[in-house]
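Trainee: Could you walk me through one part of this model in detail? I'd like to look closely at the ligand site.

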Amino acid sequence: MIRMEKIERRYVSDDVETTALHAIDLSIAAGEFVAIMGPSGCGKSTLLNTLGTVDRPTGGKYLFGDRDLAAMDEKELAKFRGSTLGFVFQSFNLIDELTIEENIALGLAYRHDAGAKEGGRRGRVAAAMDKVGIAHRARHFPHQLSGGQQQRAAIARAIVGDPKLILADEPTGNLDTANGEQVMNILAGLNDEGATIVMVTHSPSHADMAKRRIDMLDGRIVASAMRAL
Ligand SMILES: Nc1ncnc2c1ncn2[C@@H]1O[C@H](COP(=O)(O)OP(=O)(O)OP(=O)(O)O)[C@@H](O)[C@H]1O
Ligand SMILES: [Mg+2]
C-alpha cells in the first residue's frame, strides 16, 4: 500500500541544519499494524507526519498505492488526507466548541459519498461511537469527558470515514494505564477487522500489541521486525 524510498527531511533555520529523516526506505502492506519506537528526537513524529502528508519530505519518493504523493499540490493532498487517512494524536485534538458527535462528524468532511450509504452520515457517526463505547456521551462537550473518553472519541473521528490508513502519534501518551490499555485494545480490534495502523509509542508493551515493530535512531530506521506469533 505504501512505499517510501530514500525519504529525507531536512530542516534549515539560520545556521542550524537538522536532518530529521535520513534516507528512509519503508514499505507497509494493507492490514499491517506497525509500532514505531525510539528515543525522543529520533524522528518518529516527523516520519508519521510525512506518512500523513502534513509534513513534506525534502527528498525521496512516497507512493501510496499507485499515486505519487510528491506530485500532488496542497489542495489535492488535503483531499487525499480527508478521504484516505485517519489521525489520532497524543493530545486528542478535539474541538472544544463542538459536541462529541459533531467532532466525530468532522471525520466525514471530505466524504461526500458518506450520506448515501450505511444509514447516512448520522448512521456512520453512531456506528463509530458504538465501536469505541462513547455513544452515551454524544451530546457532551470534550471538556466534560475524561482523557480516555476523549481519546476514544478521537479514534471514532479518525475511523468514521473508513480510512485506508490510521496514523497515531503516542495515542496513549496522555492516558493512565487502564485507559491506555482500553485505547490499545480498540486499535488492535480495528486492526483485526482489517484496518491498517501505524502508531508511534514509547511503551514497549503497547508496541508488543502491534504486529511489526520499527526502531528508529537519529533519523534512521535501525530495525524492523515482525512480532513472533
Ligand atoms: N520545525 C522544526 N524545525 C527544526 N527542527 C525540527 C522541527 N521539527 C522537528 N525538528 C527536529 O527533528 C528531529 C526529529 O523530531 P521528531 O519530532 O520527529 O522526534 P520524535 O522522535 O517524535 O520525538 P518525541 O519522542 O520527543 O516526540 C528533532 O531533532 C527535532 O528537533
Ligand atoms: Mg514525537
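Mentor: Let's start with a term: a polar contact is a pair of N or O atoms within 3.5 Å; within protein, one must be able to donate a hydrogen and the other to accept it, and residues adjacent in sequence count only if both atoms are side-chain atoms. Bear in mind that this is a predicted model, where local features need pLDDT of at least 70, side-chain atom pairs count only at pLDDT 80 or more, and totals for chains, interfaces and linings use all residues. Residues are numbered from 1 along each chain as its sequence is written, chains are lettered from A and ligands numbered from 1 in the order in which they are written, and side-chain values use heavy atoms, with hydrogens and water left out.

Now to the contacts. The side chain of Tyr11 has an N or O atom 3.4 Å from a nitrogen atom of ligand 1. Lys44 puts a polar side-chain atom 2.7 Å from an oxygen of the ligand, and for Thr46 the side-chain N or O atom is 2.6 Å from a ligand oxygen. On its own, ligand 1 has 640 Å² of accessible area, and the protein covers 61% of that (Shrake-Rupley method, 1.4 Å probe).

Stepping back, 13 residues surround ligand 1, counting a residue as near if one of its heavy atoms lies within 4 Å. Ser40, Gly41, Lys44, Ser45 and Thr46 are the closest. Helix H1 (44-51) and strand S2 (16-28) each bring at least two shell residues, and H1 gives the most, three; helices (H or I, at least four residues) and strands (E, at least two) are DSSP runs, numbered from the N terminus.
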